[in-house]
Amino acid sequence: MSNFKGSKTWRLILLFSVFALVVVACGDGDTADDEVAEEATETTAAPATTAAAAEEEAPSAPGGVYKMAIFSDPQTQNYWNYLDTENDVWTSYVMSGQAVSLFTVSVPNYQLITSMASELVEVNTDNGDGTFSYSVPVAKGYEWSDGAPITANDWEFTFNTVSDLGLAGSWLSSWPTGTEENQGIVSVEATDDYTVKITFNYDPGLAKWQYGAAQAPALSKAYWESIATDRESLLAADASSAPVAGAFVYDKLEQGAFYTWAYDTSSMWAPGGDVTIYDSGGTKIEWDNGKAPAVNETFGDVSGDSFTYSNGPFVGSVEFTLYSDQDAAYLAFQKGDVDFVLNPLGVKRNTFNQLATVPGVELVQNAPNGMRYFAFNTRIFPGSNKAFRQATACIIDKDFIIDSVLQGTVASMDGIIPAALGAWVAPTTGIMAECKELDSVGKWEKSISILQDGGWTATDWGEHPGNETRAIPPTGIKGPNGEAPPENMLIYAPGPGYDPLRNTFSLFIADYIRQLGFDVTARPTGFSVIVDIAFDPEKCKDWHFYMLGWSLSIYPDQGVDFFHSRNDTCEGGYNTPGYNNPAYDDLANQFEGAKTVAEAIVISNQMEEILFEDLPYVVLFNPPVLEVFRSDSIELPFTEVLDGLADACTGCPGTVKKTS
Amino acid sequence: MYRYIFRRTYQLIIVFFLFLVTSYLLFDAIPGNAFQNLLLNPDLPPDAYEQVLALYGLDKPLSERVFSYVVNFFKGDFGYSYKYYPKTPIELIAERLPRTLMLFAMVNIISFYTGFLIGKILAWRRGSKSETWITITSVFSYTVFYPWFALMMLWYFGYKMDWLPIGKFLYPEKWYDSPYDSDVIFVLMIKFTVIVSIIQVLIYVFTKNIESLSLKRNVRFIGFLLNIVGSYFFWNTGDALLKKTYAGDIAYHMILPVLTVTVVAFAGTALLTRTTMMEVLKDDYILTARAKGLSQRRIRDRHAARNALLPVVTSFIFTIVTIIDGSVLTETIFSWPGMGQLILDSVLNEDIPVAMATFSFIGVFALIAHFVADISYAYLDPRIRIQSQG
Amino acid sequence: MKNNNNKIEKKLRREAFSKNWKLFKQSRLGMVGLYIVFFFFILTILQPILFITGFWNEAVYHPVVGYDDLTSDFIVVDCPKEYPTEKYQSRTDCPARNEVNIKTLFYNTAEVGDTIELNLQPAPPSRRHILGTDSLGRDVFSQIMEGSQVAFLLGILSATLGVGISTLLGTIAAFYGGRIDAYLMRQSDLVLMLPTLPLLFIISAFAELKIWHLAVVLGTIGGLGGSVITIKSQALQVKVKPFVDSARITGGSNMKILFSHVLPNVAPLALLFMVFSVTGAIASESVLSFLGLLNIEMSWGLMIYLAQVEGFIFSGMKYWWLILPAGLSVTFLTGGFYLVGRGLDEVFNPRLRKR
């Protein structure tokens with residue numbers, strides 16, 4: 001055995017020398033790199049200082065790197081390609097400001113404000129031939145980063161490119177082309193360099209004008225005109241040097257690793273000015289950096305308390321680092337490698353609790369703009385029976401599940417509009433309100449009496465022995481026309497792997513409906529399978545119940561999309577329950593035509609009142625968006641915002657300040 | 001023999017054809033399609049979805065799509081990625097492949113070598129207590145629940161100890177001013193690794209016949225040193241000098257994934273070596289060698305180990321085929337966007353052109369490996385040769 | 001005469017078995033593996049026993065829908081920004097035991113200083129729940145036992161199926177050769193060409209995979225793939241042995257030769273494959289569950305997946321009972337089967353035995 005000793009030593013030496021070499025190589029690398037890094041900061045800092053000296057009103061020179069983590073590689077850097085066909089949230093995060101719009105909304109209050117328009121045009125002119133036009137003045141003095149002025153021609157060019165080249169996907173929601181069958185935009189023309197005239201073939205309401213076409217993107221005609229010859233070459237064009245209307249331009253793009261934006265020192269979007277947000281919902285904008293046209297305007301109700309944040313940017317560059325594993329991203333965050341994690345869904349609850357104990361980490365909790373729901377198929381029995389839907393909605397004890405099993409981690413929700421939208425939210429009425437006050441026995445008894453009143457019969461109606469236990473369900477239950485409900489009806493719900501919350505909910509809901517004497521089972525199903533079942537026109541009569549969620553847009557027009565009978569899924573729309581109520585359709589049409597928010601809110605509340613009675617959906621709950629940021633290295637202008645910081649302002653690179 | 005090879009080639013083409021059709025049908029069987037998200041956006045006009053399907057030819061009947069895909073495939077046209085349009089699958093593979101190759105070439109070399117060394121020692125120390133415990137430990141490191149283990153490694157070395165970076169293949173701040181793309185550096189590193197390995201193998205081959213064990217070891221060690229010195233000069237001259245810092249950064253990021261996969265992978269080789277070597281040790285000529293009074297070490301290294309190498313090397317060739325397959329989890333956990341992630345993404349997003357291209361890429365490799373193995377078995381083993389011809 | 005033959009055969013078989021058992025017992029590896037497998041087998045049958053005897057209440061201990069209402073009183077505090085303070089040394093001390101940081105409360109209107117009743121899930125191990133509970137209040141030990149049932153069911157079912165298929169096809173290919181052989185070998189090539197993990201992703205996407213289905217899928221993929229080739233080459237070696245030729249000469253039919261001579265000689269290798277494929281099946285299930293691709297109610301992989309989804313995986317050792325038991329169970333049971341395989345290898349392969 002002693003023979004082996006020699007060979008071991010040799011091996012050790014070999015291993016050690018390899019190791020030493022690696023260390024030497026890395027050590028070399030590190031020192032050389034430090035030098036490079038220092039030089040780099042100097043070069044970026046120097047021109048900025050000169051700029052600040054020249055423009056005395058510039059408060060501070062942007063510097064430092066704002067680091068954010070993303071979870072998936074952006075698909076493209078080209079804005080045309082980004083909106084075409086398949087656009088994911090990661091692509092949108094990293095996309096530079098290649099597009100402008102007439103109006104926009106201010107964050108965090110989502111007040112409609114002007115962007116490139118110099119006036120908030122909300123009234124159209126009726127051309128008398130069934131078309132309606134908006135003439136919007138474009139502010140003078142704005143330039144793309146390549147020096148070309150931003151003019152009305154850019155809007156005309158963008159619309160024509162979209163329709164002429166047949167761009168698809170989200171371009172069609174931004175710039176829907178009006179045809180004889182489709183409502184949409186007939187033309188966009190520049191009546192002069194600074195007036196754009198947008199003509200619709202119908203009279204659009206808030207959703208289609210203020211929150212639609214007026215916020216649709218327009219790109220630089222001067223730069224893109226020669227490239228936009230056909231769809232493929234336009235989408236394939238390299239956009240790393242495309243002009244932007246913002247302070248940041250693309251810098252280093254390392255596919256699969258990281259992406260950076262650099263502050264463009266010649267940009268007219270230099271720091272200077274303030275945004276004031278009022279509690280009453282209004283916004284005041286006072287921008288003057290000496291380069292861009294000065295703005296001093298107020299929008300909405302500017303009364304009461306307010307807070308002000310300054311207009312940036314205050315950072316020299318923005319870095320998006322790719323972590324394909326979410327946990328790894330939060331681990332890196334915990335270590336301080338990144339300042340913020342761009343995660344549209346927010347951080348997981350326990351990671352959140354745990355990060356609470358890490359020094360230098362600030363926690364943010366925001367209401368989401370979305371809902372999770374349980375849908376009936378109102379086309380087939382028993383979902384077609386209103387008493388059945390009401391009884392089901394009544395017996396589902398949301399509050400019990402949320403408080404005890406889910407430990408209050410989600411907010412209970414009754415209507416289709418999230419609580420955070422304040423004035424829009426309708427008070428809960430009808431069956432939902434009545435059942436809310438009852439205990440589990442009361443809920444069961446109420447549900448049974450709803451069924452009895454609705455003409456249902458049973459050989460034995462069962463009984464509820466008291467709290468804590470299940471009811472003894474009715475037997476031989478039959479519908480008003482004597483038809484027996486089908487056996488083994490399935491609730492398609494996401495499995496525990498996709499969403500543990502909805503999975504838990506579905507198990508409980510199935511049990512509640514069984515207590516009413518129906519044979520219902522929760523079936524954990526893959527997300528794409530549920531979508532396939534619920535949204536396929538050909539399968540619109542093949543299911544009884546399913547559970548999914550919606551994330552919603554800022555302008556709450558979901559009542560039209562989800563329940564207007566013309567949107568029935570059998571015909572390719574989003575009304576999956578097949579809900580059909582002429583009175584509701586009338587209201588929905590009025591809602592679409594509404595020109596002011598106040599008017600829209602009144603109609604929306606009336607629509608919800610009908611829904612609380614008819615219940616095509618049982619709206620269930622809404623999990624909060626939890627986020628974290630490094631308060632020891634960055635300072636955010638605000639943290640309270642609907643949907644969270646990632647969705648509202650992409651981590652606010654334009655207004656964030658680097659503190660260390 | 002030639003007839004056999006000819007027939008085998010012809011079968012190979014049929015198998016590949018079947019493979020293409022099968023894969024396409026499998027992808028098509030996944031519910032929904034790559035553009036299903038458009039269905040979930042109520043702001044879109046109802047015909048937007050159909051319009052996109054028509055644009056990408058997904059509205060055609062399945063048989064027509066399969067047919068045109070296969071025809072185009074043999075013409076060398078793989079279509080466009082649905083997700084990364086207008087990139088082609090080939091562009092995507094060209095971007096991802098070097099990263100995977102570099103990482104897993106390293107892993108395989110290291111785990112194969114350590115596995116072989118440990119297996120050799122295990123077989124020789126057969127029956128001892130230490131052998132049992134090392135074997136049991138290796139078995140558990142072989143069967144450890146891999147994703148869990150990788151996450152724990154990441155947590156321990158990346159966060160708790162803070163020795164190594166948490167995933168990724170570079171530190172962005174080091175690359176801000178880099179004139180090179182990471183792919184350029186990866187390709188250089190792969191070339192370097194391949195050349196160094198070839199030199200190392202050549203040294204091994206040329207010293208094989210040196211009789212004296214100590215002389216042989218010394219010559220090999222000097223060769224190894226020369227290789228190191230050569231590498232040192234390589235990285236400190238000319239073009240490579242400029243790229244050194246970047247290559248160093250990538251190498252530093254490779255340590256944790258390589259370590260993690262090696263801990264899991266070495267045991268496979270070790271256990272195989274142990275078994276085959278134990279078989280060889282029972283062979284007659286080893287007994288003869290013992291009877292001749294040759295030293296233990298000599299028998300182990302010269303007689304037993306060399307013969308045990310053959311099946312181990314064969315299995316090694318086969319594992320190369322499964323590299324890309326097995327890289328799915330590693331690449332996701334260590335944020336190393338290579339082929340594994342490309343496959344996973346394309347399958348989950350139903351990006352059929354990319355998924356088909358990556359599947360075919362692996363398929364071609366597997367097919368060639370089997371083909372070569374088959375031919376050489378047939379050549380080496382007369383029994384099989386006769387059978388196959390008959 | 002026939003009766004006598006049978007008796008001899010039985011006696012021979014018994015002798016062979018006890019001889020093999022003796023050999024197996026000599027293999028330390030095999031025995032360690034056997035103990036591990038036996039331990040998990042006990043866990044598997046223990047759970048139903050606990051439920052049937054009423055020792056465990058199903059409403060509380062059921063691995064999927066059980067729920068234990070464990071609550072405790074907490075004082076709401078607002079953690080200060082600067083440390084140290086009088087009460088806390090550093091940031092990690094706040095909140096202390098029985099305190100809760102107001103920032104982490106959800107939809108709770110409590111004020112700082114209030115005492116509120118909160119759920120204690122995930123609860124640490126206690127006498128009531130020896131491995132604690134998960135975040136939905138379910139007993140972890142019960143889940144481990146359920147996971148063990150799943151693992152045994154899946155592993156043994158898929159291994160039996162897979163090895164059955166590959167032994168049959170492998171021997172047929174070796175024995176008949178020609179076109180059948182070529183067909184079967186190309187079929188294996190085709191299966192081997194499909195990358196396993198992505199293939200399983202695809203299958204899990206379009207088929208609703210329950211444990212039974214998964215077992216069949218894994219078994220079929222395993223059975224049609226590389227093991228056919230190995231079994232075939234083993235069978236080829238048997239086929240050219242003299243006793244097969246003599247059987248042929250004495251007029252044995254193909255079928256008889258196949259079943260009485262070739263199959264028994266391939267069986268040890270098949271058994272070996274079977275033990276190893278149990279390992280593979282359990283590992284595959286865990287990985288798929290871990291990626292959230294299976295729609296099954298409980299398994300070890302799913303336990304780890306849930307711990308990860310809920311953000312416990314990087315909590316270090318603070319929530320160890322959510323991570324370690326499941327992770328170690330997968331590792332040890334697969335390792336146990338692997339060791340048994342190694343032990344069997346030494347029994348069937350005389351050249352591996354001790355000197």
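These questions and answers cover the chains of a predicted model and how they touch.

In this predicted model, local features need pLDDT of at least 70, side-chain atom pairs count only at pLDDT 80 or more, and totals for chains, interfaces and linings use all residues. Residues are numbered from 1 along each chain as its sequence is written, while chains are lettered from A and ligands numbered from 1 in the order in which they are written.

Q: Why does the radius of gyration of chain A agree with a compact globule?
A: The radius is taken over C-alpha atoms, and the globule rule is 2.2 Å times the number of residues to the power 0.38. For 660 residues that rule gives a value near 26 Å; chain A has 29 Å, so the two agree. The C-alpha trace of chain A spans about 100 × 85 × 50 Å along its principal axes.

Q: What makes two residues a contact, and how many residues of chain B and chain A are in contact?
A: Their C-beta atoms, placed from the backbone, must lie within 7 Å. By that test, 62 residues of chain B contact 58 residues of chain A. α10(B) gives the largest share of chain B's side, six residues. Helices are DSSP runs of H or I with at least four residues, strands are runs of E with at least two, and both are numbered from the N terminus.

Q: How many residues on the side of chain B that touches chain A are nonpolar, polar and charged?
A: Ala, Val, Leu, Ile, Met, Phe, Trp, Tyr, Cys and Pro count as nonpolar, Asp, Glu, Lys and Arg as charged, and the others, Gly among them, as polar. That side of chain B has 35 nonpolar, 14 polar and 13 charged residues.

Q: Which residues does the contact take from chain C and chain B?
A: Chain C gives 39 residues and chain B gives 46. α12(C) gives the most to chain C's side, eight residues.

Q: What are the domains of chain A?
A: Bounds come from an automatic or database domain assignment. Chain A has domain 1 (112-222) and domain 2 (370-554). Their C-alpha centres are 44 Å apart.
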